[in-house]
Amino acid sequence: MMPLLLLLLLRLLLRHHWRHSAQQRQQQPNGVAVGSSNGDSSGEDNPLVWVLHYLAQHYDKLGGQAKAVRASNEALCLAPTLIELLLARARVLKHAGDLVGAAAAADTARSYDLADRYTNSIAVKALFAAGQIEAAEQTAMLFTRDGDQVHFLHELICYVFDVMLLNYCRWQAYQLSITH
């Protein structure tokens with residue numbers, strides 16, 4: 001009942017937004033709405049993109065990966081360069097069992113913002129899961145210091161496991177600290 005009510009509310013909000021933006025376009029003498037460029041919009045200001053994004057995440061949580069992939073594809077058609085959509089698509093594909101597609105989506109998201117360490121780490125993790133070890137190592141080394149990159153990468157991986165072990169011990173989850 002609640003998801004239906006939420007979707008009905010979203011539909012009402014979207015209709016109101018589109019009606020309001022159509023009225024703004026009619027009031028402008030050149031037909032361009034206030035705050036938009038001449039048709040060069042990337043789509044991220046379109047509320048339909050975000051509704052489809054959250055719908056894909058919702059279907060993914062419920063286990064409907066086919067519907068989640070469809071909603072993700074529709075959102076990416078509207079805004080193909082939006083990093084959040086590409087990362088969500090990678091997550092959906094991973095849950096659907098397509099590890100190679102998930103790695104490709106995460107690597108595409110990484111390529112749009114080369115300075116983002118979070119996106120880089122998600123791409124490396126997806127590449128390792130897909131079995132593309134060499135590509136994952138090369139991607140991980142993009143953020144290491146110059147010089148002995150392999151040694152630094154080894155230290156970085158050991159540090160991550162130390163932090164995980166410390167957190168498991170802090171949570172008193174000793175069984176998880178032993179298995180991971």
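A crossing is left-handed if the near helix is turned anticlockwise from the far one by less than a right angle, and right-handed if clockwise. Keep that handy for the first exercise. We're working on a predicted model, where local features need pLDDT of at least 70, side-chain atom pairs count only at pLDDT 80 or more, and totals for chains, interfaces and linings use all residues. Residues are numbered from 1 along each chain as its sequence is written, and side-chain values use heavy atoms, leaving out hydrogens and water.

**Exercise 1.** Work out how α4 and α5 pack.

Step 1: grab the geometry. The angle is about 165 degrees and the axes are 8 Å apart (axes are lines fitted to C-alpha atoms over the stretch in contact, and angles run from 0 to 180 degrees between N-to-C directions).

Step 2: classify it. Angles over 145 degrees count as roughly antiparallel, so α4 and α5 are roughly antiparallel to each other.

Step 3: The crossing of α4 and α5 is left-handed.

**Exercise 2.** Decide whether Arg-110 is buried or exposed.

Step 1: locate Arg-110. It lies in helix α5, residues 99-112 (helices are DSSP runs of H or I, at least four residues, numbered from the N terminus).

Step 2: check the area. Arg-110 has a relative accessible area of 14% and is therefore buried (under 20%, with a 1.4 Å probe, protein chains only).

Step 3: list partners. Leaving aside neighbours within four places in sequence, Arg-110 is in contact with Thr-119, Asn-120, Ala-123, Thr-139 and Leu-142.

Terms used: Helices (H or I, at least four residues) and strands (E, at least two) are DSSP runs, numbered from the N terminus. Buried means under 20% relative accessible area, exposed over 50%, partly exposed in between (1.4 Å probe, protein chains only). Contact means heavy atoms within 4.5 Å. Angles under 35 degrees count as roughly parallel, over 145 as roughly antiparallel, 65 to 115 as roughly perpendicular and the rest as oblique.
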